[in-house]
Amino acid sequence: MDKVMRNKLAIFIFIAPAAILFFMIIIIPIFMSAYYSLLKWDGITTGTFLGLENYITLFTSKSIAFPKALSNVCILAVLSVFIQLPISLFLALALARGIKGERFFVTVFFIPVLISTVVIGQLWAKIYNPDYGIINSGLNALGLNHLTRVWLGDPKTALLAVFVPILWQYVGYHMLLLYAGIKSISNDVREAAVIDGASYWQTCKYIIIPLIKPIIQVCVIFAVTGSLKAFDLIYVLTNGGPAHASEVPSTLMVSMIFGRNRYGVGSAIAICIIFLCFFFSILIKKMFKVEVE
């Protein structure tokens, strides 16, 4: 192995296939989208060069509602970081304690991640159904008829109603990452804390959580960038409606490209999503200041 690692030709041969695929699937489409974002193009005829006009249109045109989509996705990112991740961390800490049926509960919490998003979308559409959905039926049974809503059709509730299944689906994903990080900590460290008289939750606060700080950083990055790219569940449940109440950049991008044939504006939205993902990834790394030894 050492001989192979010193052979630059061997290194190139091993890396080349993955590098070529990465370049073709990731790099080239990004540059093509950046080019299309500078055009007025319907996807069929010859495009007209506009410069940065499409980007200006995104923030000035009321019919596109891009600022509203950015606002919605920022709310999702905040909810993901301050609601989803704390729940995931609590579950990981509780399960890593060694409770009875630990493996079973880890599997159960991770199941939503494995289920098709379309299936989850249809499931929650039934839950939110205003006529026979479990939420309205439960409220009626409790005599709280005045609280029933057309959850996905009311602009006041559509945003939260769409975000709940997104948060629910990925709690298990982050929990598994944090759980694996906790399990990787040596038992000697925990035993030393117990000998010193620390309770389990004191051990979590002062020892376990600081030690899994790099994993928490990864989870925060995944939560924020995943929120910025959110599409599938929102598309299945509301497609960004009603009246852009649950619109996010990804659904707006699809609407612009395939619904209105405005490939230039849609490509500009795609570039904005890429830029935001890079920006927040770098910002989060700076905020955590994790030193890799």
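**Exercise 1. In which loop is Ala243 found?**

The model is predicted, and local features need pLDDT of at least 70, side-chain atom pairs count only at pLDDT 80 or more, and totals for chains, interfaces and linings use all residues. Residues are numbered from 1 along each chain as its sequence is written, and side-chain values use heavy atoms, with hydrogens and water left out.

*Solution.*

Step 1. Ala243 is found in the loop between H12 and H13. Helices (H or I, at least four residues) and strands (E, at least two) are DSSP runs, numbered from the N terminus.

Step 2. Pro242 is also placed in this loop, which lies between helix H12 (232–237) and helix H13 (249–259). The peptide bond from Gly241 to Pro242 is cis, with omega near -10 degrees.

Step 3. Ala243 has a phi near 55 degrees, a positive value in a residue other than glycine. His244, found in the loop between H12 and H13, has a positive phi of about 65 degrees although it is not a glycine.

Step 4. For accessibility, buried means under 20% relative accessible area, exposed over 50%, and partly exposed in between (1.4 Å probe, protein chains only). Ala243 counts as exposed because its relative accessibility is 73%. His244, at 25% relative accessibility, counts as partly exposed.

**Exercise 2. Determine whether Asn72 is buried or exposed, and identify what it touches.**

*Solution.*

Step 1. Asn72 is found in helix H4.

Step 2. The relative accessible area of Asn72 is 0%, so the residue is buried.

Step 3. A contact means heavy atoms within 4.5 Å. Not counting residues up to four places away in sequence, Asn72 touches Leu159, Phe163, His244, Ala245, Ser246, Glu247 and Val248.

Step 4. A polar contact is a pair of N or O atoms within 3.5 Å; within protein, one must be able to donate a hydrogen and the other to accept it, and residues adjacent in sequence count only if both atoms are side-chain atoms. A polar atom of the Asn72 side chain lies 3.2 Å from the backbone oxygen of Ala245.

**Exercise 3. Describe how H4 and H8 each pack against H11.**

*Solution.*

Step 1. Axes are lines fitted to C-alpha atoms, for helices over the stretch in contact, and angles run from 0 to 180 degrees between N-to-C directions. Helix H4 (residues 66–96) packs with helix H11 (residues 213–228) at an angle of about 150 degrees, and their axes are 8 Å apart. H4 is therefore roughly antiparallel to H11, where angles under 35 degrees count as roughly parallel, over 145 as roughly antiparallel, 65 to 115 as roughly perpendicular and the rest as oblique.

Step 2. The crossing of H4 with H11 is right-handed. A crossing is left-handed if the near helix is turned anticlockwise from the far one by less than a right angle, and right-handed if clockwise.

Step 3. H4 contributes Val73, Leu76, Ala77, Ser80, Val81, Gln84 and Leu85 to the contact, and H11 contributes Cys219, Val220, Ala223, Val224, Ser227 and Leu228. The contact of H4 with H11 has ten nonpolar, three polar and no charged residues. In this classification Ala, Val, Leu, Ile, Met, Phe, Trp, Tyr, Cys and Pro count as nonpolar, Asp, Glu, Lys and Arg as charged, and the others, Gly among them, as polar.

Step 4. Helix H8 (residues 158–183) packs with H11 at an angle of about 165 degrees, with their axes 10 Å apart. H8 and H11 are therefore roughly antiparallel to each other, and H8 passes H11 in a right-handed crossing.

Step 5. The contact is made by Tyr173, His174, Leu177, Leu178 and Gly181 of H8 with Ile215, Ile216, Cys219, Phe222 and Ala223 of H11. By class, the contact of H8 with H11 holds eight nonpolar, two polar and no charged residues.

**Exercise 4. Which residues are in contact with Thr148, leaving aside its neighbours within four places in sequence?**

*Solution.*

Step 1. Thr148 is found in the loop between helix H7 (134–141) and H8. With a relative accessible area of 24%, Thr148 is partly exposed.

Step 2. Beyond the excluded neighbours, Thr148 is in contact with Asn136, Leu139 and Asn140.

Step 3. The backbone oxygen of Asn145 lies 2.7 Å from a polar atom of the Thr148 side chain.

**Exercise 5. How many helices and strands does the protein chain have?**

*Solution.*

Step 1. The protein chain has 14 helices and two strands.

Step 2. Of its 293 residues, 40% count as buried.
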